[in-house]
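Please follow the account below alongside the sequence and the model.

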Amino acid sequence: MNFFKGKRVLVTGVSGTVGSELVRALLADPKYDPAELIGIDQNESELFFIDQAHLADPRAHFFVANIRDGGVITQLSKGIDIIIHAAALKHVVLCERSPMEAVQSNIIGVENIINAALKNNVKNVIFTSSDKAVNPTNVMGTTKLMGERLITAANSTSRLEGPVFSSTRFGNVLGSNGSVVPIFHKQIAMGGPVTLTDPEMTRFIMSIEEAVRLVLESAELSKGGEVFITKMPVARIKDIADVMIEELAGRYGYSPADIKTEVIGVKPGEKLYEELMSDEETRRSIELNSYFSVLPAFRGLYTTIDYNYSGIVDEDVTNPYISSEQAALTHEELTSFFRKNNLLAMDTIDADSPTNRYWPGDKNSKSLS
């Protein structure tokens, strides 16, 4: 039986890149076919456009709501079978500058989702996390790690037929709002330079479609308390820039040699590499065909949960999967990835996005000089 068929689904953060794609996939793909989809977000303008896009679908209903408001979340969760929690503050720099705002959204917001699910006997809750939650070096990653731990711990308070809580951990979703792809694209369209933080920086990458598939499949696979991690390829940030310059320069009347790159330095709290899991997590992980499942650390609290998945590849995971230690995609493979996922289309440029980037302190230092 299809996991989502005939179910009532609540998706938070539907104005974001992943949230809006979750809505589109659930409503457009007949293999999901939910009975109802409720989408919430606090971004009124974007929510209006999403509502307009799905006017013809009687299953879709959208509400302005903030995940910080526990009462509203509880009210909207009545009668819901599955909650997909994609709302969060995600920009590293802004979270660093306003840490308590990140706590309110990324930690208190998760607790509100948990309480709403428990009060309304929701069947499944899936939380979207980030690889920045692994050994975090910034506020955003730290709040995402706490969100994961809250979701896992919620399974120990759930009783009998109560909710199944689990998390998914993303890599970098190329083409999403705020990612380097639309920024690089606009810089190339303007004739450069393309700004690199560090040529040796590596990242795990995935497409928006892959991210959505991870969320939806994870909801079906979950037993309770796990963190699901998709197996992702690695790319060097410089290779991404080089491929985009090669593919896009001619479109805007330049030769690739015309577009220069400029190294601007790593922003505070940013790693040169990313990690899919920590060394400690490998000791409690299971490898599946397309995923890793990181099981709860304190298994004594979850003795009633059977983590016997179908399609287990290995129960002895030893590689923590650090991006700098994995083979990076070649230029040819990256080019194929971009073309396959239509990441270089003209409409990927955000007309309102800046062509330059700055880190915290840049404004102050410039004003003092």
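This is a predicted model: local features need pLDDT of at least 70, side-chain atom pairs count only at pLDDT 80 or more; totals for chains, interfaces and linings use all residues.

Together with Val266 and Leu272, Tyr273 makes a nonpolar surface patch of about 220 Å².

Charged pairs come next. Side chains of opposite charge can pair when their charged atoms come close. The structure contains 17 salt bridges. One of them joins Glu274 to Arg203, with 3.5 Å between the closest N and O atoms. This pair links distant parts of the chain, since Glu274 belongs to the loop between S12 and H10 while Arg203 is in strand S9 (residues 202–206), 71 residues apart. Both Glu274 and Arg203 are buried.

A further salt bridge is formed by Arg213 and Glu217, whose closest N and O atoms are 3.8 Å apart. The two residues are separated by about one helical turn because they are four residues apart in helix H8 (residues 208–221). Arg213 is partly exposed at 34% relative accessibility, and Glu217 is partly exposed at 32%.

Arg236 and Asp239 also form a salt bridge, their closest N and O atoms being 3.3 Å apart. Here Arg236 is partly exposed, with a relative accessible area of 34%, whereas Asp239 is buried at 11%.

Conventions:
Residues are numbered from 1 along each chain as its sequence is written. Side-chain values use heavy atoms; hydrogens and water are left out. Patches are made of residues with over 30% relative accessible area and no salt bridge: like charges are joined within 9 Å, nonpolar side chains (Val, Leu, Ile, Met, Phe, Trp, Tyr) within 5 Å. Accessible areas come from the Shrake-Rupley method with a 1.4 Å probe; for residues, only the protein chains shown count as cover. A salt bridge is a side-chain nitrogen of Lys or Arg within 4 Å of a carboxyl oxygen of Asp or Glu. Buried means under 20% relative accessible area, exposed over 50%, partly exposed in between (1.4 Å probe, protein chains only).
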